[in-house]
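Trainee: I'd like to learn how to read aromatic rings in a structure. Could you walk me through it?

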Amino acid sequence: MDSDRERALVARSRSDASAFGELYDYYLPRVFGFVVRRVGDRAVAEDLTAATFERALGTIRRGDFRNESFGGWLYRVASNAIVDHVRRGRRTIPLGMRASDLDGDRPNEESIGDEAALAAFAAALDRDVIRRALVALPETHRQLIVLKFFDGLEIDELCAALGCSRPTLAVKLHRALRALRAEIARESTDAA
Amino acid sequence: MRPDDDRMNPGAISPFDGEIPFDPDLADLVGELDAAGARARANRAVDDRQRPSTSFELALRERLVAQLPSAAPAAAGAAAPRLAQPAWAPEVGHEVAPRGLAPRVAGRPPMILPAPRWTALAVAAALIITVVGLRTSIVNPVLPETRASAVAAATLVRDGVASPLVAGTELHVGDEIRTAAGGAATLELGASQARLAGASALRLDALANGRLDLAQLYGRVHHRVGADADRYTVTTASVTWTATGTAFDIERALDPVGETATLTAVEHDVVVDGPGLEATVVEGRVTTVRLTGAGGLDVETGPIDADTLTDPWLLKNARLDLALGFDLGIFEGIDLAEATPAPTPTPTQAPIVNPTATPTATPTAAPTPTPTPVPTPAPTPKPTPKPTPKPTPAPTPTPAPEIATLSLSAAGCGGAILLDWSTYGGSQPFNHYTVLRSTSPEIPLAYPPQGGAVDFGNTYTTNVAKTLSHDASATPGTTYWYRAMAFDAEDRVIGASDTVAASTTGVAGLGGLTIGPDVEPGKTRFTWTPLGGDGTCFTYYKLVYSADDPNPSYLTGSTTLYAGSSQPESTTVAAAPAGPYWFRLQAIRVTDFGKFVVAQTDAVQYTVP
């Protein structure tokens, strides 16, 4: 969504339900897809998506939005909701996850929700060496690459979702891509 | 320099215009990632599992949008906020001049206390008197009779669970009542009433010993305080409005700057209290307090204006007050019938006839067809004028609109009757749906319901695509008849189904829930009897648990351990937390208007090792 239009819609939403409706119509399928790709279960995804938009509505009604990307803010809230859900999932829904999955190179809690997205993205890659390299990357790099290339977040959305400025995002992306290239080189060497 | 060295040329990253400023030799890699992402997104576009269901999308949309004000078109100016005018404009032609008493707005004066010894004694004495005097009422609080009436498209939120509000529902402290856009609800609080307009919400914070504390969360509410209320307080954010024996109207509204609360003192005075603010708003004044914004509370006050006296919402409430025998305050001397914009009468709606104004029939837009009785003589010396009977020309009936055919299916599920009707596709301008219920097959094509039919309150929607609902208020074992109808903006029927019958058996029992340790360490195995059936009454299972509630339920907020939408499934393995818990598995059905429990197992207590 065009950032100027998005800001105008956010400003109007406090006094015009139709403006919020337009934001909702644009972002709901995206946020739902973002969540369901990470939690797998549609019912859980609906709960988390609803909680995300409920929070967005409350923030809009309080007039707390300033110059931030609304879409990026939604992704950040959804990400936090997923992390909270996964933390609860230590005792709630680790469906299909075996104890051995959590052993060894065990990801931190913040990354668990991204595992499913990572697996889906890896499956879409042509070369096996890139798949292996992507999985071997540090979590911060991996998360950024998945958000950028798999989820297709816009630059402003990435900035808001990751809580950083555009120059900082450029640095982070550059680091992640160089790290991926280095990992590919290492994987290729090992294979040879 | 290592290939993954973080150092880079700062010039490569500034300015950042949305393109990734990396080394040219990374371009191939980025191209490959881009291509993979595009493939993944293309696959997602055709994957229904990654798209929200229509019912979820629409239900959430309606719930959220209802909490925001609509940008009213100019023609519907009556719904626009009426902020205080700078001065009363006498040239508007109204003969009633409200009392222009200035409100007192001042900071709290500092208190000068007497000597500490006497202060201590006074406090002790006050405590003793308070404890002795109030002990009885504390132990046995006197609760007013509280219930809902005149309900349309309203929701009751109790203990975090939302359900359709139906007329006659008894209300408790902590209940939150929300109305959808176009809905309404009246809360009978002893002799007092809180009348909610559409898109409004009110929470009951205290209801005992003559004290009524309400929190107006958003929207517009007309408060009529009865004689049995010693203290009637409405909270809007940090501002409280307190009255004893009066009528006032509060509207919370959002504007580009923030949020405001506007009070119209309809009868007698209202004390407003907030941080750095203490004022008395006298009858006939309008006060707007800015609830959000820097620098403390902004207050704007002034006399009522012509718009206030012709505001349909206030006029409607004045007519109700007149019918109930209350004083009219600022509306005394106003011809309430004359001031009402007269809608076009329709053949399906019987106009409300004021028996004192014969032979004139006065059509009104009021949703409740209560005949207006002769006003009871008021105990105050102020004379209550009767509306001046004025002959009006006989209304010209408009031709009845064409009625399109809707299909309706009613399925008796456990816990509720599932109602699924077809989308209205006629040529008339659609406004909303409502499904009516009756214990006989005759349901007249009219609203308000006639001939014993009732609006059970879970089907009103202005969304033409929302056509799946449920009736959870049906008594198990009783056969009900339903008719789905579509209406235009004047409540004329423009689409209707035949009547169909169904009954529910109540929430079905799935028997026991077998729980035990799984072969895999740290996991627990749960086994139950599947719901069965063709899936009409099933959306998903929820396995819930609670440490202290022997009847855990998904609808009351118990923690979910497992969620699954595979209906024949009968076993799951999950990592439950260690300790003793009550577990229960529930089969849930979701509709466009909410969800209900279809079937459930017994609640089983089990200690997870």
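Trainee: Is Y554(B) buried or exposed?

Mentor: Keep in mind that this is a predicted model. Buried means under 20% relative accessible area. Y554(B) has a relative accessible area of 13%, so Y554(B) is buried.

Trainee: How do I describe a pair of rings?

Mentor: You give the distance of the centres and the angle of the planes. Over all chains, the count comes to 23 aromatic pairs. One of them joins Y540(B) and Y554(B): the centres are 6.2 Å apart and the planes make 90°, which is edge-to-face.

Trainee: Which parts does that pair tie together?

Mentor: Y540(B) belongs to strand β27 of chain B, while Y554(B) is in the loop between β27 and β28, so the pair links parts 14 residues apart in sequence. Y540(B) also counts as buried, because its relative accessibility is 4%.

Trainee: What sits over the ring of Y540(B)?

Mentor: The charged end of K542(B), 4.7 Å from the ring centre. Elsewhere, R437(B) has its charged end over the ring of Y480(B), at 4.5 Å from the centre.

Trainee: Which residues form an aromatic cluster?

Mentor: Look for W421(B), Y424(B), F430(B), Y433(B) and F593(B), which make up one cluster.

Conventions
Residues are numbered from 1 along each chain as its sequence is written. Chains are lettered from A and ligands numbered from 1 in the order in which they are written. This is a predicted model: local features need pLDDT of at least 70, side-chain atom pairs count only at pLDDT 80 or more; totals for chains, interfaces and linings use all residues. Side-chain values use heavy atoms; hydrogens and water are left out. Rings of Phe, Tyr and Trp (its six-membered ring) pair if their centres lie within 6.5 Å; planes under 30 degrees apart count as stacked, over 60 as edge-to-face and the rest as tilted. Helices (H or I, at least four residues) and strands (E, at least two) are DSSP runs, numbered from the N terminus. Buried means under 20% relative accessible area, exposed over 50%, partly exposed in between (1.4 Å probe, protein chains only). A charge sits over a ring if NZ of Lys or CZ of Arg is within 6 Å of the ring centre and within 35 degrees of the ring normal.
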